[in-house]
Amino acid sequence: MREKETTLYFGPQHPGITGNMMVKLKVAGDTIVKAETHVGYLHRAFEKLMEQRTWMQSFPIVCRICVPEPDPNEENLARAVEEIEGREVPERAKYIRVMVLELSRLAAYFLWMGGQAGTAGLYTVPQWSVGDRDYILDLFEELTGGRIYHMYIWAGGVRRDLPGGFPDKVLRTMDYIESRLPEYDKLMFENAIFQKRAKGIGVIDKDKAMEWGVVGPPLRGCGIQHDVRKDEPYEVYDKLDFVVPTYEGGDIWARAMVRRKEMEQSISIIRQVIEKMPGGEYYNKVPNPLNWYVPPGETYVKTESARGEFGYYVVSDGSLKPRRIHVRGPAYVHGVSLLENILVGANISDVAMIMNSLGVCPPEIER
Amino acid sequence: MNKNLYNENQTIEEIKNTFHTAEIKLQRESRIIVKLRSDLIPPFLSYAKNYLAFNHLAHFSCVDWIEDNEFELVYLLYSYEKNIVVIAKTRISRDKAEFVTIKHLWRQAETYEREIHEMFGINFTGNDRLNEFILEDWDDIPPMRRDFNTIQFAKDNFYTRPGREDAQDVRETITKKSGEKIPDFAKEFSVRNLK
């Protein structure tokens, strides 16, 4: 006899949901038969607002598209404006940008680690990882004035130069974080509970991953070695030495291991950046922000964020304001079409684990 | 920067040979812009996916060119093999905002089409899931169209709390209400005054 189906609303008020969204589940017993993503709780019409603001006024808006990792947004918009205008950026600014991007990647991975372990019932990891993330936020506070939203990268360079003694502080924090990683291995990655909950769950088909639009750690967790930093190097990534870790399996465990290995790569990149950073200007003079006409043109720029390819399609019509800025967040695909499909057949208790491992982030879906 | 554009030029040649009416431009390294007639878009996307290995639909966007009375649909395809982004564009009339779905080629296109349907009011025939996505109970014109006036919408639907109208100094209102003088810290404690 077929079990009776019930509807279960997972979110928007649920400790396991990754932000203000809801997944409407149809379940038979413990097994999910159908999943539907519902967003709209966080829509703030950023793309429309930016059409009515100057280019410079758009920078404080874009960083709010992603809370755990706002910097790829700023970098994308800055690079898009520079590309349409043909504006040069000083070498020092490029190095500082890479440092900020990698620091934000580390901060995002710490937050992910807390969420992922929390959904498996390991509640010590969130306490640790959020605490360790705070050391990175302290660095951001000193550098930019803001802990979460930085508004630091803008067209033409970065807003301020590094404060005195800052590189040493970054290196000290990196040493500390590196010394903490084995502790996290013992607590989370080598933990039998986590391994049992992660292995073989939420599997993405390797042959279909590219076609389904999977990007970032979930793609590399399928054993496919692609990273925007290597495929289409931006800023100074082509001058830095790092590898793109992959892992076979396509499940939550594979994605977790990819992220764990990438943390080491990020630490190594930050050290290289500080070692190689040249002196000189940190921004090129830009026009008066209130009178900044960007010539007509269009561009598509992309960045590798902690969750995958973050793209901006930007169109300018030669006026003071952007004609169109359309954001492609990795969660747009991961959180709707991919999630709806891989949740089918999963257990109710694994929904939060799967969502976390895909990096679903509703502000990107609805902007 | 003198990079080898072999892949780009080869792709342009292949597209040119198959779609004679396409306007093709090499924007920069690894960016090709292809402008097509609207009826050629579905065959082009299918050709690009199946024969040219552009199997990643990176993005699908829409731009409202209200001065030309047209919508521009922009498909961004990426090839992991060739490392090229093809920006395929076409224009459709604003009066007859209708186009065909491509969800049979990429299933994630369904989500993009749902958003564009909601934000621009373009109907995608063949997509049976054009239901409410981001907005809730929306009965105005689609909000991302250029003729939608956000300021007027806010004025019509929301009210300002008395005493908090725009362009007012909140401190003045507080002073008037409570009768006490709120100091202007910026003025009194500025570096010049302290000296």
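Modeller: Helices are DSSP runs of H or I with at least four residues, strands are runs of E with at least two, and both are numbered from the N terminus. A:Glu340 lies in helix α12 of chain A. The model is predicted, so local features need pLDDT of at least 70 and side-chain atom pairs need pLDDT 80 or more, while totals for chains, interfaces and linings use all residues. Residues count from 1 along each chain as its sequence is written, chains are lettered from A and ligands numbered from 1 in written order, and side-chain values use heavy atoms without hydrogens or water.

Start with A:Glu340. Its relative accessibility is 10%, so A:Glu340 counts as buried (under 20% relative accessible area; exposed is over 50%, partly exposed in between; 1.4 Å probe, protein chains only). The side chain of A:Glu340 comes to 2.9 Å from the backbone nitrogen of A:Thr37. Leaving out residues up to four places away in sequence, A:Glu340 touches A:Ala35, A:Glu36, A:Thr37 and B:Arg129. Touching means contact, with heavy atoms within 4.5 Å.

Now step out to where chain A meets chain B. The contact takes 44 residues from chain A and 47 from chain B. A:Lys48, A:Arg323 and A:Tyr332 supply 18% of the area that chain A buries against chain B, more than any other three residues. In total, about 3,900 Å² is buried between the chains, and carbon and sulfur atoms give 48% of it. Buried area is the accessible area (1.4 Å probe) that two parts lose on being put together, summed over both.

Charges also pair up. There are nine salt bridges between chain A and chain B (a side-chain nitrogen of Lys or Arg within 4 Å of a carboxyl oxygen of Asp or Glu). One of them joins B:Lys49 to A:Glu211, with the closest N and O atoms 3.0 Å apart.

Which elements of chain A give two or more residues to the side that touches chain B? They are α1 (46-51), β6 (297-305), β7 (308-316), β8 (324-328), α12 (330-342) and α14 (362-366). By class, the side of chain A that touches chain B has 17 nonpolar, nine polar and 18 charged residues. Here Ala, Val, Leu, Ile, Met, Phe, Trp, Tyr, Cys and Pro count as nonpolar, Asp, Glu, Lys and Arg as charged, and the others, Gly among them, as polar.

How values were computed: A polar contact is a pair of N or O atoms within 3.5 Å; within protein, one must be able to donate a hydrogen and the other to accept it, and residues adjacent in sequence count only if both atoms are side-chain atoms.
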